[in-house]
Each structure stands twice: as C-alpha cells, then as structure tokens.
Amino acid sequence: MFNGGMATTSTEIELPDVEPAAFLALLNRAAGGSLRSRRASASLRLQVKAGLRSSTCLHTSRFLYSDEVQIGPETVMTTLYTAKKYAVPALEAHCVEFLKKNLRADNAFMLLTQARLFDEPQLASLCLENIDKNTSDAINAEGFTDIDLDTLVAVLERDTLGIREVRLFNAVVRWSEAECQRQQLQVIPENKRKVLGKALSLIRFPLMTIEEFAAGPAQSGILTDREVVSLFLHFTVNPKPRVEFIDRPRCCLRGKECSINRFQQVESRWGYSGTSDRIRFSVNKRIFVVGFGLYGSIHGPTDYQVNIQIIHTDSNTVLGQNDTGFSCDGSSSTFRVMFKEPVEILPNVSYTACATLKGPDSHYGTKGLRKVIHESPTTGAKTCFTFCYAAGNNNGTSVEDGQIPEIIFYT
C-alpha cells in the first residue's frame, strides 16, 4: 500500500471494509511495531469509509508513537477483523484476550460463531466449554437463534452438553423458525426440517422419556411418520429395535464417579410381582445421579429386566428413567443399572427412586441407614443423603430394608 513498485501516490486511501474505530485501534497498536520505524509524512491522511458511515479522517502522525489500545464490546470484533487483515498479531492477541475475559453464557454462541469465522480455535474451544457447563442459559440467550447451521451442527455433535434432550430439541425448533425467516420461507414443519438438514439427525430422541417425546417431537410435524413410529417402538418394545438417531448419552459431568450404599447387611430372598421398589431421598447439595446399584439373584447367574426412575416427589414428575436389563452372577454384590442421561438433583428437594424388576428372587439389604454421608477423598467435601419411607406401593422397600441399596452420582 505504501512501499514498492505498486505503492499508491494518492494522499487519501479508502478502506471501505474497515470500521473507523477499529482502524484507530490498529494504528494505535501498530505504531508500537513496524510503523514506528517508518514515520509517515504529517500530510498523509487515511480516509476510512465504513459502509454507509460518514467519512472519518484519521491522521497517522497522531498515532505513530502511541501504544494504547482501547477496545470495547462494540468494537472488538471489527478490530479483530482489521488486525487479521493487516497482520498485526499483537492487536489480534489483545482482542482475543478481551473476548476470553468477557465470555459468558449469554454471549457464548455469538462468540463461537465469530471464533469459527476468524479461525480462532482456542477461543472457540473456550466457548464450547462454556456452552457445555451452561447449556440451558446459552440456548435461551438471544444470540442462539442467530448462529449459522455449521455452528449449530458443531454444538449438537457434542457428548458433553448439560441439558435434557427435549429442551435441546425445543431450542433447535426455535432456531429453525428463525432460519426460515432469514431464508424467507414459510414457517411450516416441512421447511423447518429442510433448513435443519443434518442437524435434525443429531438430536438424540432416544434419550427422551416416552412422555417427553409424545408431548413434543412426535406432534411437531418435523419428523416423518416412519420416524415417529420407529421411536415409539424403541421406547416401548424389548429388545429395542434399531433407530436412525443417536442413543449415546450426553454426559456433562467431570470429576470422579461416586456412590453410596444405604445398607449395612445383605440377606436372601426378595420377591417381585410387578410392583416397584421405591424409596424417597434428598441431598444437601446439587448432584447428578447417573444410576442405581441393585441386588441380583440368589439362584446363580441370571438376567433381569428392569425399569428405573427418579421422580420429583411433590409434582410426581418423572425426571429420568430407563427400560433396560442387567446380568448378575449370583453373588450378594450390587449390579449397576444406569440412566440414559444424568438426572439433576437439587439440594433439600424430595425425590423418589424407583426400580421395577422382572426376574427371580434376589438378595436384599437390611440394617438401613436414614442418613448416609459421602466424603470426597480429594477435597473432603461432604454429600449427605437422607432417606425416607415412600408411602403406597413400594414392594416392601423401606429405610430399614429392601432394594435400591446404591445411588451412583457425580457432584
């Protein structure tokens, strides 16, 4: 632009794609580097025209010896663009650092889109980590429906999102409605499916409860009749038929798996006739329950069919469930039965743990504890479980004896 055989002879140079404030920041920063060794004439003016803005004349002589950078939320992205265009890595690094410090759940999707656009993998990684930890807040933020399809796909592919799948589906439907409007398409189910493209196949419908699926996706019109029937069969039939959608759980959990056992002794012969074993519990801190440990057969190696649930006691809402099975070896050990996805347990709220087993008589626990405390071996943090009798049909399980001896969780 200024040197060599093709250097301009004009005293004014137009930069139509650069914001005035961004170029001001560039000059301030660049003056500390290569421009400092090439003092420009005081008469040289750079006239910056940005879109429809009025022309702004910036005198380079004013900035050549300045090393100040003034970046705010309104100018950081245009300044980053300018720094990349004119190869000023120090200013680029300053912009990225500013974005990192100001990364929040309500702007994570917007910044992720920009990080992908400007090829900033470190910033993109931080945005994705923030979305993993604060998925609900992030998808409810205003900027979520403005992201591009490739960014949406990149997020839906992740195994680490911390949100129930039905809520993720609802957010994706909101995005599809906004995308229809951007493409000037009528907002109808057929067009929602069209604009979603590959993203629809990344919704993990098998992770929903049958009630969640029936109330939402099954009636949305976005899925084909064949897909709806296939998923209903997956929810209701054993062995489960193969479906076209991913059934791998999303696990937002980090750290080490923990478990507590509420019984001090194991005895023989606990029978099953279709009634659920149930026990109420509460915890003193927020945790995520990922499964139960259950007792198995007293008659040697056996396979059980089982449905496990966690129910919010006051509202009787099923928060997590799984129709599955487990194999036991005839010992008095517990055998792991896991939920499709982690179930969030809030402090000092009453929940009911349920297990409906189909199989022969099993071992059972006795000398039950009303309070069980788990202490982290690394941090010393204590998680206190309090167990209570679940009134009604509970197959005899109580605080003192019965099934559901073990709760497997993350803090």
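**A tour of the aromatic pairs**

Begin by selecting Phe169, Phe205, Phe213, Phe232, Phe235 and Phe245, which ring pairs link into a cluster. Rings of Phe, Tyr and Trp (its six-membered ring) pair if their centres lie within 6.5 Å; planes under 30 degrees apart count as stacked, over 60 as edge-to-face and the rest as tilted. The model is predicted, so local features need pLDDT of at least 70 and side-chain atom pairs count only at pLDDT 80 or more, whereas totals for chains, interfaces and linings use all residues. Residues are numbered from 1 along each chain as its sequence is written, and side-chain values use heavy atoms, with hydrogens and water left out.

In total, the structure holds 14 aromatic pairs. Select next phenylalanine 109 and phenylalanine 144: their ring centres are 5.0 Å apart and their planes lie at 70°, so the pair is edge-to-face. This pair links distant parts of the chain, 35 residues apart: phenylalanine 109 is in helix α4 (residues 108-117), and phenylalanine 144 is in the loop between α6 (135-140) and α7 (149-156). Helices (H or I, at least four residues) and strands (E, at least two) are DSSP runs, numbered from the N terminus. Phenylalanine 109 is buried at 2% relative accessibility, and phenylalanine 144 is buried with a relative accessible area of 2%; buried means under 20% relative accessible area (1.4 Å probe, protein chains only).

Move on to tryptophan 270 and tyrosine 364, a tilted aromatic pair with 5.0 Å centre to centre and 40° between the planes. Tryptophan 270 in strand β4 (residues 263-270) and tyrosine 364 in strand β11 (residues 362-368) are 94 residues apart, and both are buried.

Finally, select arginine 262, whose charged end sits over the ring of phenylalanine 387, 5.5 Å from its centre (the criterion: NZ of Lys or CZ of Arg within 6 Å of the ring centre and within 35 degrees of the ring normal).

Notes. Buried < 20%, exposed > 50% of the residue type's maximum accessible area, 1.4 Å probe, protein only.
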